[in-house]
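Here's a quick briefing for anyone meeting this structure for the first time. Have a look at it, then go through the notes below.

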Amino acid sequence: MPACQIMDRSVIYASQMYKTPLITEYEIDINRLSDILAFEYKQAGLMFENVQAGAVIITGETAQKQNAQTIINYLAERAGDFVVATAGADLEGILAGKGSGAKKRSEETEGVVANIDIGGGTANAALFQNGKAIRTLTFHVGGRLIRLTEQGEIKYISNYIRPWLQANRFDLQVGHTVSFELLKEVCLCMSKSMLSYFMDGPITSAEKLLFSSISSPLPQLKEIIFSGNIGKMIHKKEPDSFKEVAKFGDIGPMLAYTLNLIVKESSLFVKLAKETSRATVIGAGMQNTELSGATVFVNEQLLPLKNIPILNVFIDSEKWESQVFKVEVDKVMKQAKQLFVEKKDPPFALGLSGLEYCSYKMLQSIAADICTPFKKYFPYSNCMVVICENDMAKAMGQALKIYSSEGMQIMSIDQVDFTYGDYIDLGLPAAGEAISITVKTLAFG
Amino acid sequence: MTDENIANHLKSLKKYTPARIGVGRTGTRPLTKDFLSFRTDHAAAVDAVYGEVSSKLIEELDLFSVETCYETKDHYLKRPDKGRILSEEAKTIIKEKCTPNPQVQIVVSDGLSASAIDENILDVYPALLDSLSMYGLNIGTPFFVKGGRVACMDDIGEILAPEAFILLIGERPGLVCAHSLSAYMCYQPKKGMKESDRMVISNIHRSGTPAIEAAAHMGTLISKMLDQKKSGVGLVI
């Protein structure tokens, strides 16, 4: 069937970068943040109402602040009409990998390409193969985990890295002055520990830098890309004094240098990032909006619909049996009812993956088998959302319309890549019938 | 590149096309298995052209059958113009059995591939009826045309004067797929109409355009034709 694709994306304005405005160590300053936002919108020559889709991504340590959720909501209401709010290390890592060009690179080359986005507090790594994210992991590695003055006096040590420092017998204390050699040694060891995961396997106590433990070793890498603020500095020459190391008041420049040193000694091939400091933001823009298949079954009046959780049933066309499907779909609906206790409408989106070929008979049977349990588990609902992996949404929508109760609103879209537990936003029609969609992959396995 | 690399690369390229690429050779000749599959596909294409649509299937769909002036398959292939006009007998039967001036007239024809109808019609046809009735359209008396070409819709249009027309017809078979179906659609078919006023959803088969989705979309296109009172390149989709 006719297909619509996003052909081009371009950056029309990039703001300057700000340090996160904080009231206290634990609280973000909403007022100052909204001033920044208003100022930058004005600089860009944009009104809030011009923005049809947007993404708010609160990353790293900022996401841990007490009022992070309030901020997301605040920005979501003001930054534009249809805003996606996401946070979480896995997603950040993937977004950065898209923005830095790692995902694209993995399409062009055989083998696995890793992107490590290193900022102030965390390093988010994502591994890509054939254009798909296959693994993510996060480390407590970043420039601002240790802060110091130009004289070498330590001003701050993040609690997240204390266990690792201890395990490696690095005696650093706030208020003390550290020697240049020791500081370099710490950065070298931190770089070596993190990168050991991507090389020959973790070295001693490297796991203390991991955000959460990993279940299986990483696949063999071919190329590595560094993004983020640290990634930006990676090819700089060695800082030779405290003055150069501490020019941002932290260990960032030294960490960048030592990372490069370790990689250069390895067999890994380092690719230059297309974007460094802004990789996550650019990646978010790319991820943000995609298009559904061109033939869909929707009631435009009900759009947009945001944050619908997807639970899916896999159907193997060759082995499809009505009885088996009936049991499966009942199980999923029951689960949806237990998981999403709040009576939202639509309660969830039923994903139909697989099903590469669907006959008319199968279509009728599947539609009937979806409508019966839906009515049983969600009697209050007036809106059913079905998301098909393959091109069949309009046919599925029409069939569901026939089998559902009178007045039920059917939203059926297709050609969406999703996995169990993703969330989806259904946006407005963007090209013909195709609607803009955003799939938010939060859990990742 | 190592041999293994080349093999992997070829494998990924082959994912993009069902065409016969990277089939290999022995000396100056193709491998036996590739040669045989080529011959099999060619035979399937010939069968599709010379085959006949199962009469049971036509009965099952509750269609009556008429013929164009094609006379024989060989004649049909040499004289495409004969497949565009109905026999006198066909005209009489159609006038007698069909409701004139329907909103939508559906016609099924073997065209160049009888197996296209055999393979796909049970998915396309009922889904199409569902789709049209969802748009609240009234459907004329459908029938089957043996030995039809795309433009036979013009001749039928002269007799029944439907508002919109859908012709489900077997496509010229290729060596990848011999049972691909097309749906040609137009607003008010008549003699001398421009090709640019026809619309088509093509490549309907198991590994091509999904039959049910194509049928569902036909309903949308037809309803747009009726709203805008036109078809083809001028239709706003």
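**The sheet in chain A**

Start with an open sheet of seven strands in chain A, in the order E12-E18-E17-E13-E14-E15-E16, with mixed pairing. Strands E12 (290–291) and E16 (409–414) of chain A sit at the edges with a single partner strand each, so one side of each has no neighbour in the sheet. Bear in mind that this is a predicted model, where local features need pLDDT of at least 70 and side-chain atom pairs count only at pLDDT 80 or more, while totals for chains, interfaces and linings use all residues. Residues are numbered from 1 along each chain as its sequence is written, and chains are lettered from A and ligands numbered from 1 in the order in which they are written.

Two terms come up throughout:

- Helices (H or I, at least four residues) and strands (E, at least two) are DSSP runs, numbered from the N terminus.
- Two strands pair if DSSP finds at least two bridges between them.

**Strand pairs, one by one**

- Strand E15 (residues 383–388) of chain A runs parallel to E16(A), and six bridges join them.
- A:Val385 has A:Met411 in E16(A) as its bridge partner.
- Helix H13 (residues 393–403) of chain A packs on the sheet and touches E15 and E16 of chain A, with its direction at about 160° to that of E16(A). Here, axes are lines fitted to C-alpha atoms, for helices over the stretch in contact, and angles run from 0 to 180 degrees between N-to-C directions.
- E13(A) and E17(A) run antiparallel, joined by three bridges; A:Leu305 stands opposite A:Leu426 in E17(A).
- E17(A) is also joined by six bridges to strand E18 (residues 434–440) of chain A, and this pair runs antiparallel.
- A:Ala431 is paired with A:Ala434 in E18(A).
- E17(A) and E18(A) make a hairpin with two residues between them, and A:Gly432 in the turn has a positive phi of about 60°.

**Where the chains meet**

- 18 residues of chain B are in contact with 16 residues of chain A. Contact means that the C-beta atoms of two residues, placed from the backbone, lie within 7 Å.
- On the side of chain B that touches chain A, the elements giving two or more residues are helix H6 (114–134) and H8 of chain B. H6(B) gives the most, with seven residues.
- That side of chain B divides into 10 nonpolar, four polar and four charged residues. Ala, Val, Leu, Ile, Met, Phe, Trp, Tyr, Cys and Pro count as nonpolar, Asp, Glu, Lys and Arg as charged, and the others, Gly among them, as polar.
- How do H13(A) and helix H8 (residues 211–228) of chain B pack? Their angle is about 75°, and their axes are 7 Å apart.
- H13(A) and H8(B) are therefore roughly perpendicular to each other (65 to 115 degrees counts as roughly perpendicular, under 35 as roughly parallel, over 145 as roughly antiparallel and the rest as oblique).
- A:Lys394, A:Ala395 and A:Gln398 in H13(A) meet residues of H8(B), including B:Ile212 and B:His217.

- Most residues other than glycine have a negative phi, and most peptide bonds are trans.
- A:Leu303 and A:Pro304 are joined by a cis peptide bond, with omega about -5°. A:Pro304 is in the loop between E12 and strand E13 (305–315) of chain A.
- Another cis peptide bond runs from A:Asp345 to A:Pro346, with omega near 0°. A:Pro346 is in the loop between helix H11 (322–339) and strand E14 (349–354) of chain A.
- A:Gln415 has a positive phi, near 55°, and is in the loop between E16 and strand E17 (423–431) of chain A.
- Is A:Gln415 buried or exposed? A:Gln415 counts as buried because it has 23 C-beta neighbours inside 10 Å. A residue is buried if 20 or more other C-beta atoms lie within 10 Å of its own, exposed if 12 or fewer, and partly exposed in between, with C-beta atoms placed from the backbone.
- B:Asn101 has a positive phi near 50°, and with 11 other C-beta atoms within 10 Å, B:Asn101 is exposed.

**Chain B overall**

- Chain B has eight helices and six strands.
- Of its 237 residues, 41% are buried.
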